[in-house]
Amino acid sequence: MSRAATQVLGHQTRPLDSGKEWAKQGAIVIAASLFVALCARVTVPLPFTPVPLTLQNFGVLAVGLLLGSRRGFAALALYLVEGACGMRVFSPALLGGGIAQILGPTGGYLMAYPLVAFVAGYIYEHRSEKRSRPFAWAALSSVAAEIVLFAGGLSWLAVLTHSVTLALKYGLYWFVFAEVIKVLMAAAVAARWHQRPSSQP
C-alpha cells in the first residue's frame, strides 16, 4: 500500500475512532448516573429529620473515585438533569421528586453532587503513584468530598430553616457514623479497582 493511500485511510479512520470513543465515554457517564440512581433507592427515612439515610452518597463517591474528576462531574450533572426532568432517580421523598425535591430539604446535597464527585476524583487522580497507598488516598479524597457535600447540604438547610443549629441537627449529627462507613466502602472499591493489572492511572 502506498504512503498516500495509508495517509488517506488514516484520516478516514480517525473520525470513526473518535466517534467510538465519545460513544464509549458517553455510555460510561450514563451508566454511572444510573448507578447513583440505584443507590438512591436504598433509603431509610428517619422520623426526626427530613433528610433520609441513603446509599446515594456512596454512589457519588464511588463514581468520582472510579471515573475521575471530569467524567464524575459529568455523570452527576447528568443525574441532576435526569431528576429535574422528572425521572425517578432521587431517593423517594414526600415532595415527589423533580425540581421540588432539588429545592427541598435535601436539595443542597443534590446540587453539590457534581462538585463532590469532581473533588473526590481530582484528589485521587493526582495522588503520587510511587509513594501513595491507594486506599489511604481514596479515603482522603472521599473525606474531602464529604466536606464539600455537607457544606452544600447544611448551607441549604440553614437557608430553609433560618437556623444553623437546626441545619446541623437535621443534616449532620445523625449521619456521621453512616458517612464514615460509606467513605470506607467507596475507598475500598476504588483501591481494589485501581490495583487491577489492567487499570489505567
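Predicted model: local features only at pLDDT ≥ 70, side-chain atom pairs only at ≥ 80, totals over all residues.
1. Helix α2 covers residues 56–67 and has 12 residues. From its first C-alpha to its last, α2 reaches 16 Å, which is close to the 16 Å expected at 1.5 Å a residue. Directly following α2 is G68, whose phi is positive, near 95°.

2. How many of the 12 residues of α2 are buried? The number is 11, so α2 is largely enclosed by the rest of the structure.

3. Seven aromatic pairs are present in the structure. One of them joins F35 and F58 in an edge-to-face arrangement, with 6.4 Å centre to centre and 65° between the planes. Because F35 lies in helix α1 (residues 3–40) and F58 in helix α2, this pair ties together parts that are 23 residues apart in sequence.

4. The two partners of this pair may be described in turn. F35 has 34% relative accessibility and therefore counts as partly exposed. F58 is buried, since its relative accessible area is 9%, and the cut-off for a buried residue is under 20%.

5. A further aromatic pair is formed by Y79 and Y113. Their rings are tilted, at 6.4 Å centre to centre and with 45° between the planes. Y79 belongs to helix α3 (residues 69–84) and Y113 to helix α5 (residues 107–125), so the pair ties together parts that are 34 residues apart in sequence. Both Y79 and Y113 are buried.

6. F73, F118 and Y122 make up one aromatic cluster.

7. The surface deserves a separate remark. F135, V176, V180 and L184 make a nonpolar surface patch of about 330 Å². Which helix gives the most to the nonpolar patch? Helix α8 (residues 176–194) does, with three residues.

8. F135, another member of the patch, is placed in helix α6, which covers residues 134–161. Its relative accessibility is 40%, so F135 counts as partly exposed; the partly exposed class lies between the buried limit of 20% and the exposed limit of 50%.

Note on methods
Residues numbered from 1 in each chain as written. Heavy atoms only, no water. Patch = residues over 30% accessible without salt bridge, like charges linked within 9 Å, V, L, I, M, F, W, Y side chains within 5 Å. Areas by Shrake-Rupley, 256 points an atom, 1.4 Å probe, with all protein chains shown as cover. Salt bridge = Lys/Arg side-chain N within 4 Å of Asp/Glu carboxyl O. Helix = DSSP H or I, 4+ residues; strand = E, 2+ residues; numbered from the N terminus. Buried < 20%, exposed > 50% of the residue type's maximum accessible area, 1.4 Å probe, protein only. Expected span 1.5 Å × (residues − 1). Phe/Tyr/Trp six-rings, centres within 6.5 Å; stacked < 30°, edge-to-face > 60°.
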